[in-house]
Amino acid sequence: MLNEAYDLRRNLDEIGFDIPVNHPDVKTPGKNQGYILKLGRNGLLHTIDEIDKESMGELWCHRDAKQNAFPVVKIQNPLLSIPINDQIRNQLSILKKSDQTKRIDIIFDAMTTHKFIISDKDKRAWNRLRDKALSWLDLFLEIDDNYLALPCMLRRFVESVSSPLAFISSLGNLIAKRIRQGQLQDIKLAEKTLIGVPEKKRPDKLRCEIPIALDIAETNYPISVGDPRMKSFVSRFFLSNEISAPDGICALEGTHRPLVKKRFPEPNIGALGETKLFSKNKATPCEFRYIKNPKDREDASKSFPISKSLAADISDGLNALTAITLKGKTWRMVANGKWEGGRNKKERKDLLLIYGEGQPVISDEAADIFGSDETEKRDQFENEARALCLALDGIKKHRPHSRLHILLIGKADKEKKQVIMHLTPTPQELQDAAERWHQAVQFNLPDIVIHLPPKEKGQNAVARRPKALYPDRVVRILSSKWVRGGLDELKLEGPALCQVLDLMLKKTGKWKGAATNLLELSIHRTGPLLVGLAAALNSRDIERMEKYKSFSRLVAIRSVALLGILLDAFDRKKEVYMTDTAFQLGRLLSMADTLHREYCMHMRRGSIPSQLIGNALMPAAAGNPEDAIDRLRERLNIYQAWASKNSGEEYRLAKWALAQMGEISNTIKRPLPTKTDQTFRAELFLGYMARTPKESE
């Protein structure tokens, strides 16, 4: 990742992109719900307020390695000493959410019958924080008046109480008091802080892990402790006071510089969180093959020599380009085709980063054209791609030789992230790709309409036609297999997004293999859904159609769009394939369904079988069309004879379907193939799903 991030930083520097300075040890705390504790004069705990997880994530803390975070500290264990099997926990567990008063009473009872406690481990950690605050007091003794809130808070924290236990007791009493007064609203958060909750995987162990942000009570200071401007000040302060002599040659710059010795910076990039720029796993001996001295294993410069300042600059560049304000412009999270474990599987995501040389922020839609959120119903690829293409026109005009950078960063394991893909298309190549992707859906599909069920009773169904897909939607569609005629969904590992982008950008040497793999997955995983839904629509049985919910119908229409893209990639144009055997065979089987249904409505008093004749022969047609036609001819005689001998308005649809079958039979080329490929099956499915104005009547 270092090489790609180094190129990124150089590009940002060349155009003077605004990059906030961050010290490697000055970070943002995790996004967890907690409290902000404001210290009054003489160190008394004056005010405590709840803070949501998003606001907590916008604060800052200084952290040495993985501990001593300050001024956001974490309460690791519940404040009260209550056994895991105490009846208080049972009383709380049976209460409803609306029983807030009873819950408060139980918490107060717990405070009268149990003592506050702090473990020796927590006591040592607390004392380390007190020592850290003391050392900071000396450092920030003389600073600009704008930042005086920080030394004021440090002084009050150091002088607050005589012992860690006294601080914990004061904190617990303050939380309980404010809960009783109604100034704190989240009873569950107070309960977790004071009493704790059992861990899911280890029910015999309690957990708390509540972050507490320290500040001062007064509001007349120009900049509060938690203000982002205070974070920048602390970062600049520590960076300006770090002076060390050059001790090696930087591998990226080739100059004699002070090198990173212990830890590389860990930028907080998008939803991936803290990301190691470079790391080695001690449990993997091969990573230390060329380091003979065991003592050198802890020296990062022995593995990858890079200057401290450059490493910090690279980290700052990544932080700047993945700022929350640039979400959708330079970065977004995208599906990676894998699922988290558990009963309700949740999709895993990677970070997609896009920027241009000389113009990092290409457009407001640059990152968003590559993906959408899992539950998002946004289908605006065409509009967003059009806006992006206009922006790319400007880049081509002013920087004709520049390239774009598209990076995909994902988790290699629990701790390590890595660059999975790095593409460098020209603006013209991305424009061509977006236009080709859109036109393949708009102009390379027959008329296929699927009606989504109305959201509320009394409303009309919503007619949906295929629209161009966001690339990560392709990953999402193919990460599920539909079974039982498309009624049930099984979540499986899907293709990687880099495969989809190889196809979209027509990357030389890769796009054909990607297209073949994606088409095979499409037929295997979404084919049963397409055929099952089309069969339900052919039956016109409301009860049968209602089994296909809005989500599965939406997946079906998007799967049709994907087939249009894939057929276009294989140069199978609509004007050609709609006259070929596969598509016409699909139409023939669809007409057979219509004829069979009309026969059942008249001769079987509306009793429609679970499978109509055309649908029953679809598997055979997908594998051996010649065999399917022979079987259709054998079974069709009775329905053909019935439709031929009857006349009248009530038989109009049956006679029309029979006439259509005659016309289709004359257009199907002979001999029929006895083996098929995936493009044949895709065209067969589209023929079976395609509708004519007559059928929609």
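I took a salt bridge to be a side-chain nitrogen of Lys or Arg within 4 Å of a carboxyl oxygen of Asp or Glu, and I applied this to a model that is predicted.

**Entry 1: salt bridges**

I then turned to arginine 332 and aspartate 368, where the side chains form a salt bridge at 2.5 Å, N to O. This pair links distant parts of the chain, since arginine 332 sits in strand 14 (residues 331-339) and aspartate 368 in the loop between strand 15 (347-356) and helix 11 (381-398), 36 residues apart. Arginine 332 and aspartate 368 are both buried.

Within helix 13 (residues 471-477) I found aspartate 472 and arginine 476 placed 4 residues apart, which means that about one helical turn separates them. Their side chains meet in a salt bridge of 3.2 Å, N to O. Aspartate 472 counts as buried because its relative accessibility is 0%, and arginine 476, with a relative accessible area of 14%, is buried because the cut-off is under 20%. I also recorded that salt bridges with shared partners join Glu347, Lys349, Asp472 and Arg476 into one network.

**Entry 2: helix 5**

I checked the length of helix 5 (residues 120-139): its 20 residues should span 28 Å at 1.5 Å a residue, and its end C-alpha atoms, 29 Å apart, agree with this. I listed its buried residues as Asp122, Trp126, Leu129, Arg130, Lys132, Ala133, Trp136 and Leu137. Seen down the axis of helix 5, these buried residues fall within an arc of 160°, so they line one face of the helix.

What do the buried residues of helix 5 pack against? I found strand 4 (61-64), strand 5 (67-70) and strand 6 (72-75), together with helix 6 (149-159), helix 7 (164-181) and helix 9 (228-240). On the face of helix 5 turned away from its buried side I noted the exposed residues Asp120, Lys121, Arg124 and Asp138.

**Entry 3: helix 23**

I looked next at helix 23 (residues 652-667), which has 16 residues and reaches 23 Å from its first C-alpha to its last, close to the 22 Å expected at 1.5 Å a residue. Its buried residues are Leu653, Ala654, Trp656, Ala657, Leu658, Gln660, Met661 and Ile664, and what covers these buried residues of helix 23 includes helix 19 (581-603) and helix 22 (625-645).

Notes: Residues are numbered from 1 along each chain as its sequence is written. This is a predicted model: local features need pLDDT of at least 70, side-chain atom pairs count only at pLDDT 80 or more; totals for chains, interfaces and linings use all residues. Side-chain values use heavy atoms; hydrogens and water are left out. Helices (H or I, at least four residues) and strands (E, at least two) are DSSP runs, numbered from the N terminus. The expected span of a helix is 1.5 Å times one less than its number of residues. Buried means under 20% relative accessible area, exposed over 50%, partly exposed in between (1.4 Å probe, protein chains only). Contact means heavy atoms within 4.5 Å. The arc is that of the directions from the helix axis to the C-beta atoms.
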